[in-house]
Amino acid sequence: MRAARVILSATSFAEARDALELATEIAARMDGDLQGLLIEQEAVLALTGLPAARLIGPQGRALTGIDAAGMEAAFRGDARRFEEALARAAEAAALRWSFRRQRGRIGAILGGMLETGTLLVASGAPRRRPLREVVLVLGSDGGTGLAGFAAQQAARTSRPLRLLLPEDAEPPAGLGPAVIERFGDEADLHRRIAALDPHSLLLAEIGSDTGSLAEIAQEARCTCILHVS
Amino acid sequence: MAPEPGKPLDASELARGVQDAALDFATTSDLEPLEDWPGQDRALEALRMAAETRFPDFNLFVLGNPGTGRHSAVRAMLSGAAEPMPRPNDWVYVNNFDDARRPRAMDLPPGRATVLKTAVEKLIDDLANEIPAVFESEDYQARRRAIEEAYSDRQEKAMGDLAEKARERGVAIMRTPMGFGVAARRGDEILTPEAYHDLPEETRERIDAAMSEISAELEEILKQVPKGMKDQRREVEALNVEMTEQVVDDALSEVKAEFTGQENALAFLEAMRGDIIENAELFLIREDGATVGAFPVATTKHYAKPQFQRYAVNVMVSQPDGTNRAAPVIEESLPTLGNLIGRIEYAAEQGALVTNFTMIRAGALHRANGGFLVLDARQVLMEPFAWDALKRVLRGGEISIFSPGERLSLISTATLEPDPIPVKLRVVLVGERLLYYLLTALDPEFAKLFKIEADFDDRMPRDADSAKLFARLAGSIVRREELRPLDAPGVRRLLLESTRLSDDSERFSLNLGRLSDILREADHWAGSAKAETIAAEHIDKAIDAAERRAGRLRELSHEMIARGTMMIDTEGARVGQINALSVLEIGQSRFGRPSRVSARVRVGSGKVVDIERETELGGPIHSKGVMILSGYLAGHYAPDDPMSLWASLVFEQSYGGVEGDSASAAELFALLSALSELPIDQSFAVTGSVNQFGDIQAIGGVNEKIEGFFDVCAERGLTGKQGVLIPESNVKHLVLRRRVVEAVEAGQFRVIPIATIDQGIALLTGREAGVRGADGRFPEGSVNALVEARLQDFAERRRAFGLKNNGLGQGKS
């Protein structure tokens, strides 16, 4: 399978750092360009102006005196670190790379970026935590390019592979041992995805319905690899 | 028959050898080898004492001249003494896991050090395979995952519950670049300020309370994360220890079983166990690639890897198993400080010098521990710090390794302070007598640490029994050196030469080295002659060849005399002139030669001028000799008159310095000749020292001196009148070369012992010396009378001179 570009999207550098290794590996495997995307959520930027909104640091300390400029500066810092880390990883893997920042809402931004041949890596829970399972979602009209990668990740981490298929789809041949579940409709699929353990790895390949994939990226609490085939 | 002073000796007395010994064998092959050292009973007793006694300060100094068998005797005696002694323990250095700078010394039963080393290497190899396997096992992975998932689940549940609660309370939690943000929400959107302000107050309060509550809970959850991580780590560590302990204990039990009852080894293994468990991650370090060359990983020598060096066993001393060797006897031929006490080696790493306990090296003292150490005294004293270190070890009873560079603060680098190793051994120093006496006089510690001396004699009395022993000794030498056997005449010749080497016809030399040299060269000549045995002629040839090789200077000296450059008379007579004799020893060359001594006299104030002394060419002993003969003159002649002699004595044509008093008799004869105005027969040469009573005393080198004068006379043609006057007490030292003996036999040369000055002056002047009679006078015309008359005349003249100068002389009022 080839992907023209692999987009690593994150709303902060911490998210990006956790998924960077995975994104680089996929880009190298798929022979694609590696693109970094820092989404500066409007809602986060607005926090500083909201009455009663609170900011809490990663160590659990309340942060005070942070204004919009401070938040902007934090985003700029994250962007710089994201870009630097991306450049190092891409150069080490001999990949073409690029980086951009975009402000807005996640769904809209992702929806606009996903096109055929694009592979999106969206970080969920920190990858340093142990992986629970690999979940592969295949649509009835989508390709099966991610199947091999999913099976490889499951084998490498010695974690189970769960395959979510629509009722009328057949599992791809040669996938190896997997637990097969069938989902009814899209809503059912979204529920299952929202219920996934944050330490799972979700790979989804669903035709050209980019809107659906963007929703999946927002709903899933785990790291996602989404392919528009 | 005892020699008669003043009468020429018979040829048979000039090289008596061992004609009286019954050497009743054909060759030395017929004789029992001699494993002993004849004539060295005193030294051997001392050696035995030092070898058998248990006191630590009874170390031994073996003194004597080179070639007397000191080293071979030491080796043989110590080897014999070491045989029944128990094998000493092995010694190793191991890591001190609490302080790597202080390696631990450990002793083990003999032969067990290498067993421990091998066992530990195998243990490390096993653990290098087994520990990673444990950590890769399903069981470990599952248990570790369970721990991590438990913490992760707790964290996630807390966050998940909070997120749910927040949603229900209308609060959104967002990730931000700074951590988390908590804000009010309406549906999926964040509540704008305008919308917030539009809310009823009650709603706003409710929202504010919810946000405070959610924020507080979020803060609490986040604060618990580090603690949770720490607790998780602790649990994982405990799991790691538990898994490692199992593997280590299983592997270690085999090794411990091999060392049951050996507390040292068991304690070390226990300490190693603790360190392995604490540092199990060392065993998880992987090289790139699963194989090394063609061998699968399981057979790689893991113990050799740097991370496992801390578990190595550095064997310092080990007594090999499977042999019957007893206590060690070690000879260190290069006793540098490092070779004696061991050394700590360093390696360069990135510009710095580093070391560890595996780089400690044993020295000779370690190897000899429990046994004997033989050292050359001169070499020990010449090596910097070696003597001091040796004494320190003997004093303290332990070996502490240090580096001289560090001691002098010349290098400053991380170093080690290994445990000292207790030592129990006997040190044997072998050296010259002078060194022994200097050490005794100048080093107060020496006498405390080296209480026994084994003094190897240079010679032993010659008799029939010792001659037979000597023959056996010669037989042992030829066997050891794989030479032809010596026939009986050859033995006799060798015995004669042995007496020559000892400068005494009544003593055999115990310079076994020199005798061995003669035999080896004689064997060479025997081989050239295709002989089956070494005969007397081969011994002669060896001796002559050696003398010829070393004879360039002797020939040069004689050539100067033969060509008249050095003026020596060997016939005629002259007043105040005599041939004295001296010995020159340069390198391997030792030869005698005549020197002209002359004396001049006149009236004076009683001074005998020693020109050698005046020009600082005479040594103190020579000056003493001249003063003694002055004393003789003063005591023997004109006792009632003031000594009014002025005399000068000199060694003519001597510019290199004169020492010793062996020419003092000759000097006195020259003086007496000058005083009596009687000429001295120049056919004679004289050697001997004189005392104040006119007795002639023994001197050294009598053989070379006689031969030196003989060769000069022989060069010019022997007249039959020539000869040498020697002290009577030197007759027993005569072992002259055959050429002299044959000349004496043929009546062409004479060797005449004298006991007094009177005997000598009579021979030299042909005039009776004279004995003072009852009237207090010497017989008229005798030498002594003429001498006394001259001295009295000097006294009278001096008196007259004095009166004249004072105006009291004749013709003055």
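**The contact of chain A and chain B**

Student: What makes A:Arg132 and B:Asp153 a salt bridge?
Tutor: In this predicted model, the side chains of A:Arg132 and B:Asp153 meet with 2.3 Å from N to O; the criterion asks for a side-chain nitrogen of Lys or Arg within 4 Å of a carboxyl oxygen of Asp or Glu, and therefore the pair qualifies as a salt bridge. The count between chain A and chain B is two salt bridges.

Student: Which elements of chain A give two or more residues to the side that touches chain B?
Tutor: They are α1 (13-30), α2 (42-47), β3 (54-56), β4 (62-63) and α3 (68-92) of chain A, and α3(A) gives the most, with five residues.

Student: Why are β3(A) and β5(B) called paired strands?
Tutor: Pairing requires that DSSP find at least two bridges between the strands; three bridges join β3(A) to β5 (residues 179-186) of chain B, so the two strands pair, and they run antiparallel. Within this arrangement, A:Arg54 stands opposite B:Val182 in β5(B).

Student: How many residues take part in the contact, and how much area is buried?
Tutor: The contact takes 36 residues from chain A and 32 residues from chain B, while the two chains bury about 2,900 Å² between them, with 60% of it on carbon and sulfur atoms. On the side of chain A that touches chain B, the residues divide into 19 nonpolar, nine polar and eight charged.

How values were computed:
Residues numbered from 1 in each chain as written. Chains lettered and ligands numbered in written order. Predicted model: local features only at pLDDT ≥ 70, side-chain atom pairs only at ≥ 80, totals over all residues. Heavy atoms only, no water. Contact = heavy atoms within 4.5 Å. Buried area = accessible area lost by both parts, 1.4 Å probe. Helix = DSSP H or I, 4+ residues; strand = E, 2+ residues; numbered from the N terminus. Nonpolar A, V, L, I, M, F, W, Y, C, P; charged D, E, K, R; others polar.
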